[in-house]
Amino acid sequence: MTPFNLPRFYKSISLTTSLLSNFKLSHRRCFDIKRYASTSAISSENSTQNVDPADLLRLQRLRNIGISAHIDSGKTTLTERVLYYTGRIKSIHEVRGKDGEGAKMDSMELERERGITIQSAATYCNWNWKDHGEYNINIIDTPGHVDFTIEVERALRVLDGAVLVLCGVSGVQSQTITVDRQMRRYNVPRISFINKLDRIGANPFNVIEQIRQKLKITAAAVQIPIGLEDDLKGVIDLIKWKAVYNEGSRGEKVIEKEIPDDLINLATSKKQELIENLADVDDQIAEIFLMEETPTKEQLMDAVRRATIANKFTPVLMGSAYKNTGVQRVLDAVCAFLPNPSEVHNTALDINRKEARVDLIPYSKNHFVGLAFKLEEGKYGQLTYIRVYQGALKKGSFITNSKTSKKVKVPRLVRMHSNEMEDVDEVGAGEICAVFGVECSSGDTFTDGALSYTMTSMFVPDPVISLSITPNVKDSPNFSKALNKFQREDPTFRVSFDLESKETIISGMGELHLDIYVERMKREYNVDCITGKPQVAFRETIMSTAKFDYTHKKQTGGAGQYGKVMGYIEPLKEVTDEDEEPLPAFESRVVGGHIPTNFIPAVEKGFQDGLEKGSLIGHPIKNVRFILEDGAHHAVDSSELAFRLAALYAFREAFMKANPVILEPIMNVSITAPIEFQGAVIGNLNKRKGTILDTEIQEDHFVVTAEVSLNSMFGYSSDLRSATQGKGEFTMEYKTHQPVLPYVQEELINEYKKKKLTEKK
């Protein structure tokens with residue numbers, strides 16, 4: 001952005017270009033499923049007929065937010081301070097439970113032992129924003145570890161805004177990028193909080209630049225720190241133009257003073273930067289900027305709110321949750337800049353009108369519509385978390401599951417405060433609550449029976465790792481009970497039974513993910529288990545087209561089996577662009593009645609049977625398209641079974657002729673370690689056939705990003721610890737499946753053949 005002291009002519013050109021690009025961006029965004037609009041935008045004739053002024057005021061003072069970040073950025077510590085300053089808890093306890101208590105939101109014993117968040121936890125609080133009144137805030141604290149990414153996914157699906165926490169030293173890390181992608185998927189606006197500015201090496205302005213470069217979103221500081229590291233004393237509010245200090249034993253007193261003289265120049269420069277960045281994304285500030293005027297405090301506040309809700313901008317706040325600095329200003333920013341439920345455009349699908357999109361209006365007098373987004377098995381039965389999108393949910397009322405059309409009574413309605421519950425009689429539109437005694441699945445939609453609406457569910461990634469699990473005591477009833485419960489709770493946790501090895505196989509998002517469930521089985525269900533070696537979720541596919549012409553004929557006396565299928569299989573391109581329509585995996589081009597239409601579904605079932613187990617190493621097959629062109633049938637001997645078997649054997653035969661390959665999961669690995677160990681870390685990655693994508697050198701440490709096959713990553717945590725004297729850490733996230741190297745494919749096939757021979761003996 002051009003400085004103020006240049007001629008207006010150059011500024012006009014610069015801003016005109018910027019405004020044009022913003023117009024194109026907003027034009028593309030208008031097709032998003034979930035959009036943000038001002039309160040007036042939903043005040044149509046349809047939406048205002050049931051408006052109660054008291055209900056509208058309640059909505060305007062309600063915020064539903066999530067706190068998300070990379071692991072160990074201080075999310076739970078921040079939430080603990082928020083609960084303390086809002087009066088929800090009487091004392092502060094730290095993560096890892098060093099004082100025997102542990103943070104309020106880490107209620108699970110495993111969370112307190114390991115110092116990580118495993119399950120998202122919900123709570124609510126009231127915040128008295130100075131000169132603006134009291135606001136109600138529903139908060140969900142989410143895990144930072146990639147293995148528990150489904151918890152972040154389903155939280156962001158139902159939230160209206162988020163606080164993205166970043167470490168003042170490490171900045172944007174691998175899971176930060178994942179969380180950013182999830183926020184964009186559900187169009188969730190965010191404010192950013194740079195935490196841990198008391199740590200050595202903290203550099204908040206470097207982190208802001210990383211937000212712009214790595215997350216590709218316009219960002220600017222609305223605060224700057226007063227001192228850093230051990231000298232962190234407070235923050236300067238660039239909009240209110242005041243220095244803000246936290247005093248008292250726990251930082252509970254917020255004191256505003258004049259800005260120190262030695263920071264006036266830096267504050268002026270950063271405020272100018274804020275105005276310039278806002279002019280890029282907000283027309284009103286751009287107009288003031290062109291007129292060479294200085295925006296008022298109110299104009300800046302309104303512009304930050306508009307740009308944040310439109311997902312064009314993220315205001316950046318600063319502080320240290322552990323040192324009780326700057327947390328109250330985060331609560332002020334949540335109330336000031338994040339949307340209330342009436343400013344969020346949510347839609348549902350009307351089943352009675354061929355799933356036409358309909359707007360959900362968040363007023364309590366409308367018909368009830370809610371989404372069950374999380375399940376937990378508690379001591380009182382299944383606990384179902386529900387986001388109320390429209391209407392009100394009352395204790396004792398009847399609600400209808402849109403998927404099953406089953407009508408159920410709500411026997412108990414509660415608000416959650418971590419693992420504690422507070423009974424309520426009614427919950428209004430826009431709120432988050434939980435109910436007991438309602439059997440359903442995660443992602444089910446509930447209505448009051450007057451509407452036939454269903455809502456789109458959250459994105460669920462596929463598992464990338466599996467291992468066999470066997471209870472020490474056979475025929476233990478708690479074993480299957482635990483597995484069923486965990487599957488209901490977590491859509492990324494899968495259980496299957498291998499018919500060949502006669503073993504139970506559990507699958508998940510990583511070693512830690514499965515390790516936690518094995519440990520929970522021992523603690524919560526008293527079931528000790530033996531686990532096998534982790535197995536990679538290989539896949540098989542083809543690289544070329546192959547024709548098939550197969551006749552299935554079997555005569556056993558009486559009516560036999562006859563079915564002939566002709567066609568070809570080809571590689572199916574994986575769709576990466578959300579706007580692109582994927583090709584169907586099965587297509588019938590049969591004409592002339594050579595195969596009766598009632599047998600075509602049986603052919604497709606045979607093809608689906610073939611995809612379940614590949615011929616190379618017995619893993620599922622993906623990205624294959626089956627085109628049925630012709631065939632033949634017999635008036636007496638043809639049947640659904642005959643054509644199903646014909647398609648299965650035809651597919652297997654063609655598969656081996658279509659240049660089949662084995663695909664392995666490739667992980668995006670991010671390693672952080674002290675700079676003196678850089679050579680050892682990169683050497684170890686090369687040994688594991690990793691592809692290094694980026695290396696970033698910071699003051700005393702480095703961050704390397706690489707792509708490595710999951711099969712090569714087993715045991716890496718031990719190697720990294722020994723190579724860095726226990727000072728290195730890494731995270732990994734599934735990226736894609738890619739073909740294995742030819743010699744690896746040969747090894748895997750030989751190993752599979754040996755296993756089959758052993759089983760036969």
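Close-up 1. Cys125 counts as buried, at 1% relative accessibility (buried means under 20% relative accessible area, exposed over 50%, partly exposed in between, with a 1.4 Å probe and protein chains only). Cys335 is buried too, with a relative accessible area of 2%. Search the whole structure and you get 0 disulfides (a disulfide is a pair of cysteine sulfur atoms within 2.5 Å). A quick word on the model: it is predicted, so local features need pLDDT of at least 70 and side-chain atom pairs count only at pLDDT 80 or more, while totals for chains, interfaces and linings use all residues. Residues are numbered from 1 along each chain as its sequence is written, and side-chain values use heavy atoms, with hydrogens and water left out.

**Close-up 2. The largest nonpolar core.** This core has 68 residues, and Met521, Val565, Ile569, Phe626, Leu628 and Phe651 touch the most other members. A nonpolar core here is a set of buried Ala, Val, Leu, Ile, Met, Phe, Trp, Tyr and Cys residues joined through side-chain atoms within 4.5 Å. Helix 16 (residues 640-657) gives the most to this core, with 7 residues; helices (H or I, at least four residues) and strands (E, at least two) are DSSP runs, numbered from the N terminus. Apart from this core lies another one, of 48 residues, including Cys167, Val172, Ile208 and Leu383.

Close-up 3. Beyond its neighbours within four places in sequence, Phe626 is in contact with, among others, Tyr568, Ile569, Val603 and Ala647 (contact means heavy atoms within 4.5 Å). Phe626 also belongs to one aromatic cluster with Phe548, Phe586, Phe607, Phe651 and Phe655.

**Close-up 4. The Tyr550 and Tyr649 pair.** Of the 16 aromatic pairs in the structure, this one is tilted, at 6.0 Å centre to centre and 55° between the planes. Rings of Phe, Tyr and Trp (its six-membered ring) pair if their centres lie within 6.5 Å; planes under 30 degrees apart count as stacked, over 60 as edge-to-face and the rest as tilted. Tyr550 lies in strand 32 (residues 546-554) and Tyr649 in helix 16, so the pair ties together parts that are 99 residues apart in sequence. Tyr649 is partly exposed, at 31% relative accessibility.

**Close-up 5. Charges over rings.** The charged end of Lys270 sits over the ring of Phe205, 4.2 Å from its centre. For Arg387, the ring is that of Tyr389, with 4.6 Å from charged end to centre. The rule: NZ of Lys or CZ of Arg is within 6 Å of the ring centre and within 35 degrees of the ring normal.
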